Amino acid sequence: MKQTNDLTNLRSNDPRHLALWILYQVIYEQKEASQLLKEATGKESLKAVDKRLLLTLVYGVLKHHYALRDRLKPLLNVTNLSNKVWLILEIALYQLVFLERVPSYAIVNEAVNMAKVVGEERASGLVNGVLRNVIRESMTDEADSSSDDARVQLFTYDDTDKGLSRRFSIPLKLIKLFRIQYGLTVTKKMLSSFETNPKLSFRVANEKSSREAMIHRMRADGYPVEKSTIVATGIIGLDSSLLTSYYFDQGLITVQDESSQIVALSLKTTDDAIVYDACSAPGGKTSHIAQLVPKGHVFATEIADSKKDLITDNLQRLNLSDRVTVQIADAREADKLFEPEKFDAVLVDAPCSGMGLLRRKPDIRYHKTNQDIVALSVIQREILEAVAPLVKVGGHLVYSTCTLTQQENQLQVLSFLKNHPEFEVSSLEMIESVSPSFLKEALTPEGFLEILPHYAETDGFFIAKLAKRNKL
């Protein structure tokens, strides 16, 4: 296990120990949870059941970080508790609240032992006392105190900004932003949706295969699946078994959120279109566009050299490599790479703060700052400025993000339109293969799509489609 301060004695085959190691790095060292979990779950020594528990503990604590601490604070009479001990207590409390199959005495014992393993022997007694007090407080007159198996409740909060922040473990600045943009009712629905587990969504990746026929075959083979009600290209896996299936290995399906699938569909390209995907990693939308232009071609750029293999590997698995040219380049210099009006369509799936992914990536809430959003907004604007000349007259520019801030979404596009009268908003009321009722719910007064996470338990997305006309 990689050394992190004095956590080196943690056992690399124990999901609770791994959870502590990962949570410490995510919360206090600004590391990315998904990458650390990928490394940890790739260990052969970790059983499948332990991998599931590890994912549950890490994402569970991240989603309830503030509320767990609030429940513990009244029981602590010390002010200098180490970060390690705080996290040990949070991991244990999360299990006491949410994991009913685990006996409470076992949870407490493991937390005490973990404190000793990480060199906090003096705090082990405190850990034992605090957790047993939590359990004792939760006992009712009818409960059998000898069972030591009472389940714990978290606090009830009001609907103030601070109350919502603590209840949903979202930084106060984000709560204020969401309430200003969406109001209290929509904000609460959105925050509640972030606590649910993300769906495992796939896209049918072979234009010769119908979704209905594929679902029929999958079910016959024993895979629990259902069709997406949002996009006609979508399949929902009810467990992770499809990830190691023939269908995935042979490139018949690929992982992609339902909202994300709408982005390429919104381009509405012809079979022979020449398309530019300006920010292509990890390649899901790139491959989707390539699938839609069997007689055309996609030029894709990505600034990070380390991500090129991810894109090309995905294209190879889907048998789409011949339709895509991948270059390592900064999209802010796209006008230096390609001649003017080269493309029938351009997609800018812009780098963004990712707030629409809070269900799938709960650590984002603790990492992104207002300064990050401002800096990203500048990059987004520079990319739009660079790609605008590349769109043919009569062609389209689609701008999309997976975030929920208007500064990166509506305001960014409206500012671009003000400076580029040769572009106008193109309707997204009807998109082939997308549910009309879903589009109606997501359509904004400006004609953009703002897909909020609670509409259908998908990732949050913003999509704007702009048509290029002759300069006025």
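Predicted model: local features only at pLDDT ≥ 70, side-chain atom pairs only at ≥ 80, totals over all residues.

1. Helix α5 covers residues 83-98, and its geometry agrees with expectation: at 1.5 Å a residue, its 16 residues should span 22 Å, and the end C-alpha atoms are 22 Å apart. Of these 16 residues, 14 are buried, so the helix is largely enclosed by the rest of the structure.

2. The largest nonpolar core has 56 residues, of which Ile 22, Leu 54, Leu 89 and Val 127 touch the most other members. At least two residues of this core come from each of α1 (15-29), α2 (33-41), α3 (48-63), α4 (65-72), α5, α6 (104-117) and α7 (121-138), and α5 gives the most, with eleven residues. As general background, nonpolar side chains in soluble globular proteins tend to be buried together.

3. For a local view of that packing, consider Val 127: once its neighbours within four places in sequence are left aside, this residue is in contact with Val 85, Ile 88, Leu 89, Ala 111, Val 112 and Ala 115.

4. Four strands form an open sheet in the order β2-β3-β1-β4, with antiparallel pairing. Because β2 (225-227) and β4 (253-255) stand at the edges with a single partner strand each, one side of each is left without a neighbour in the sheet. From one strand to the next, the twist averages 35°. Strand β1 (residues 200-204) and β4 run antiparallel and are joined by three bridges, and Val 204 stands opposite Ile 253 in β4.

5. The count of aromatic pairs comes to 14, and one of them joins Tyr 24 and Tyr 28 in a tilted arrangement, with 5.2 Å centre to centre and 55° between the planes. Both of these tyrosines lie in helix α1, four residues apart, about one turn of the helix. An α-helix has 3.6 residues a turn, so residues three or four places apart point the same way. Tyr 24 is buried, with a relative accessible area of 11%, whereas Tyr 28, at 28% relative accessibility, counts as partly exposed.

6. Phe 338 and Phe 343 make an edge-to-face pair, 5.1 Å centre to centre and with 80° between the planes. Both Phe 338 and Phe 343 are buried, and together with Tyr 276 and Phe 299 they form one aromatic cluster.

Note on methods
Residues numbered from 1 in each chain as written. Heavy atoms only, no water. Expected span 1.5 Å × (residues − 1). Buried < 20%, exposed > 50% of the residue type's maximum accessible area, 1.4 Å probe, protein only. Core = buried A, V, L, I, M, F, W, Y, C linked by side-chain atoms within 4.5 Å. Contact = heavy atoms within 4.5 Å. Pairing = 2+ DSSP bridges. Axes fitted to C-alpha atoms, helices over the stretch in contact; angles between N-to-C directions. Phe/Tyr/Trp six-rings, centres within 6.5 Å; stacked < 30°, edge-to-face > 60°.
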